[in-house]
Amino acid sequence: MSGAALTPQLSSLDALESEAIHIMRELAAERERPVLLFSGGKDSIVLLRLAEKAFRPGRFPFPVMHVDTGHNFPEVTAYRDRRAAELGERLIVASVQDSIDAGRIADVHGPRSSRNQLQTVTLLDAIAEHRFDACIGGARRDEERSRAKERIFSLRDDFGGWDPRSQRPELWDLYNARVRPGEHLRVFPISNWTELDVWQYVEREGLELPSIYFAHERSVFERDGMLYADDPIIERLPGEEPFTTSVRYRTVGDMTCTGAVRSTAATITDVVAEIASSRITERGETRADDRASEAAMEDRKREGYF
Amino acid sequence: MSDLLRLATCGSVDDGKSTLLGRLLHDTRQIADDQLEHVRDVSARRGGELDLALLTDGLRAEREQGITIDVAYRSFVTERRRFILADCPGHEQYTRNMVTGASTADAAVLLIDARYGVVSQTRRHLAIAALLRVPHVVVAVNKMDLVAWSQERFDEIVADVRVLADGLGVADAACIPLSALEGDNVVTKSAAAPWYTGPALVPYLEELPLDGLDDTGPVRFPVQLIIRPDGEAGGGRRYAGRIERGTLRTGDAVVALPSGREAVVEAIEILDEQLEVAGPSLSVNVVLDREIDIARGDLLVRRGEEPNVRRELEATLCWMSDRHLKPGQRLLLKAGARTTRAVVDEVRERLDLESLQPVAAPDGLALNDLGRVRLRVADAVPADTYAECRATGAFVLIDDATNDTVAAGMIA
């Protein structure tokens, strides 16, 4: 130990917070047209808090954007609009429905269809339209295997694709934010956080979350071992009977690919306790999109998915 | 609230590294049921035994070829401490990967196979840990079950490690006898080696002091950006950045470099929180008592603690590009929040990783070479040596034709 410490040892949350603020500031200083992707989910809610700590009392040096599939939970889109208004920052909603109406993509139909994959086209179109050169996202390395190897400043080519085999080495805290025209960066300030870190941070900072993160009575039906919302958006198969039970959501994505978990955790403290003792990962438990194949996430990222 | 230790693990599959990582994650209960289920599924489909390497090898190419391509980062937490682990593959591109993993590490765990002892890979790994100044090195002497937990064998290895570490100037290189396969001395102490009186690996890592940050040295505050408050009520300008070294206090007289203009720290803040003191690695806003001309990349230091401002740098490089580094090459140098043009005037020597001796470098530096160079920069850099402070003595070189990061640099 280097003598008596003059300053108290940073807690792990303080260290993670400080790293994330540093990352956001580096990006804001080095790229002209960044955007922060905000879904109304807990990870992007944490990003907004970190942006406040990085840039207040100034304005955010970027707008906030949501890629809306049109199949999002109404509680979450309402939260999204309210939070952006509270912060007084510009919110862009890039709509998958608009992409469908414009003939950019074909809608999908049937009981197992999801617009989740369609988001990629809408996202890449929005990046091109607004000439964004960097997207800040709330992805974490603990979420999924291929994410564990992704850089904090991750380069995307002209097609929005990720090439895991030719990533720039990332040394110390010296990030390379350079891009050529047409390329852009995806930047992940909370790369090193876990789900539990996120919840503990939400608790510590007293952040408000959309209500669906907490236990509530909901009409659901079971499919492939997951509980889906009983909603006209999702066509049920024969034998899939809805029932009402106490659930909450661990992740918040498109309604068609995000499952609920049985839970009675009604407060943040309950949720932190529940996650600390959980034996299943959040994406494994609640995300149908990751179950498609061994390398489902990697394949989608190569195509430009977030 | 627990603290955070950044760890780099170095070694190859043959040393049992994947098994050790699997053990670490499994025995500290970090592997969720669905992840383990997935590994079981994939292992079974390939007709093999449970392959814990699948937990860390996430990319399609890695799974198809049974190799590890790149540094993987994962988190685990024990009752005592939160860990971020950078897993550096031992085979291909080992130097580039290990330098990357070691650059942020508070501690490096090097794996040795007890049957073979110190081999050339061990020498390379220890040399890189020494060069990158990783504060603590832990040598995990694995596969002790295959040498019948022989104390004599372990003592031989400890002696070899000691000689090597002393030669490289690594002060702290503890050796721990273990068997990752059996889980002996990984999380809990094993009865298999009653002669070993030290702790198991995880308890050892939980107790390591976090002394990589220099909170007593001169203050170094690179300004990342200037914040102009929105509206009248917001007050004056804020200088946003992270304290990289030393401890800053309100009331400190500071100098902005390179301009040399002086001011006094009026406030240190994180959003609405006001701090009297702020130490290393904390991201803050600094308010000064007067508005002086400061731009991104400038350095705030305490008066009387000004670093040398250099136009010529002696540095050790780890070269990371397929294209050789030749004298005369022009590159961009990024140090802290400052990026400037640089030219490599001379490649003085290359480190031979077998003999660990410097040798002549008539062909410049090739991919994965470590070497000593002399650089000239367009804008003078206020810089410490890497030995004085890792955070302020490091830089990267970027090729502005390709935008690739081509070297890690440490100021000598």
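**Notebook: the chain A and chain B interface**

I counted 8 salt bridges between chain B and chain A, taking a salt bridge as a side-chain nitrogen of Lys or Arg within 4 Å of a carboxyl oxygen of Asp or Glu. One of them joins K334(B) to E26(A), with the closest N and O atoms 2.9 Å apart.

The model is predicted, so I kept local features only at pLDDT of at least 70 and side-chain atom pairs only at pLDDT 80 or more, while totals for chains, interfaces and linings use all residues. Residues are numbered from 1 along each chain as its sequence is written, chains are lettered from A in the order in which they are written, and side-chain values use heavy atoms, without hydrogens and water.

I next looked up contacts (heavy atoms within 4.5 Å): 97 residues of chain B touch 65 residues of chain A. The two chains bury about 6,700 Å² between them, 53% of it on carbon and sulfur atoms; this is accessible area (1.4 Å probe) lost on putting the two parts together, summed over both.

Which helix gives the most to the side of chain B that touches chain A? I found helix α2 (residues 33-45) of chain B, with 6 residues; helices here are DSSP runs (H or I, at least four residues), numbered from the N terminus. By class, that side of chain B has 43 nonpolar, 26 polar and 28 charged residues, with Asp, Glu, Lys and Arg counted as charged and Gly among the polar.

I noted three domains in chain B: domain 1 (3-207), domain 2 (221-302) and domain 3 (309-411), with bounds from an automatic or database domain assignment. The centres of domain 1 and domain 2 of chain B, over C-alpha atoms, are 41 Å apart.

Definitions and conventions: Helix = DSSP H or I, 4+ residues; strand = E, 2+ residues; numbered from the N terminus.
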